[in-house]
Amino acid sequence: MADARFLFITLDCQEPERLATFWSALLDTPVEESMDGGRFVFLAAGEGLPTICLQRVSEAKSVKNRMHLDLLVDDLDVATARIAELGGSWPGGEHTLEQFRWRTVLDPEGNEFDIATGDT
């Protein structure tokens with residue numbers, strides 16, 4: 001047996017309920033539960049999606065994330081528009097590497113994640 005097993009991905013944030021709404025809509029997965037008076041909010045795992053935990057912290061995000069999510073999308077422009085509609089943003093810039101094109105976008109609290117098109 002491995003020394004460790006995957007439990008969930010945790011994202012520190014100041015407003016877990018607000019970010020839960022954003023991520024739930026973007027990933028089309030329900031908010032599963034809330035614990036400790038809303039300090040932890042969990043999004044349900046699904047096919048190809050681990051459980052995501054949004055954890056309230058007191059400090060605002062101040063530097064680039066050391067780890068981020070990479071999401072496969074059908075169309076970068078459509079996905080970018082949807083992210084903006086949900087309260088996220090795209091500071092600009094697009095990258096290409098072999099068959100992949102991607103954009104680094106931000107959730108409503110400024111956490112970076114990538115949206116990409118290409119063959120996996």
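Two strands count as paired here if DSSP finds at least two bridges between them. With that in hand, Phe40 stands opposite Gln55 in E4. This is a predicted model, with residues numbered from 1 along each chain as its sequence is written. Local features need pLDDT of at least 70, side-chain atom pairs count only at pLDDT 80 or more, totals for chains, interfaces and linings use all residues, and side-chain values use heavy atoms, leaving out hydrogens and water.

**The sheet**

- Strands (E, at least two residues) and helices (H or I, at least four) are DSSP runs, numbered from the N terminus.
- Four strands make up an open sheet with mixed pairing, in the order E1-E4-E3-E2.
- E1 (9–13) and E2 (31–35) sit at the edges with a single partner strand each, so one side of each has no neighbour in the sheet.
- From one strand to the next, the twist averages 20°.
- Axes are lines fitted to C-alpha atoms, for helices over the stretch in contact (heavy atoms within 4.5 Å), and angles run from 0 to 180 degrees between N-to-C directions.

**Who pairs with whom**

- E3 (residues 40–43) and E4 (residues 52–56) are antiparallel and share four bridges.
- Phe42 has Cys53 as its bridge partner in E4.
- E1 and E4 run parallel, joined by five bridges, and Leu11 stands opposite Leu54 in E4.

**The helix on top of the pairing**

- H1 (residues 16–27) lies across E1, E2, E3 and E4, and runs at about 160° to E4.

**Pockets**

- A pocket, on a 1 Å grid over the protein atoms alone, is an open set of points where a 1.4 Å probe fits, with protein on both sides within 12 Å along at least five of seven lines; lining residues have an atom within 4 Å of a point.
- Points are joined across faces, edges and corners, and the volume is the space filled by probe spheres set on them.
- The largest pocket holds about 500 Å³ of space.
- Its lining has 24 residues, and Leu11, Asp12, Asn65, Met67 and Asn111 are the closest to its centre.
- E1 and strand E8 (112–117) each give two or more residues to that lining, and E1 gives the most, with five.
- The second largest pocket has about 290 Å³.
- Of its 13 lining residues, the closest to its centre are Leu26, Leu27, Leu71, Leu72 and Val73.
- H1, strand E5 (70–72) and helix H2 (76–85) each give two or more residues to the lining of the second largest pocket.
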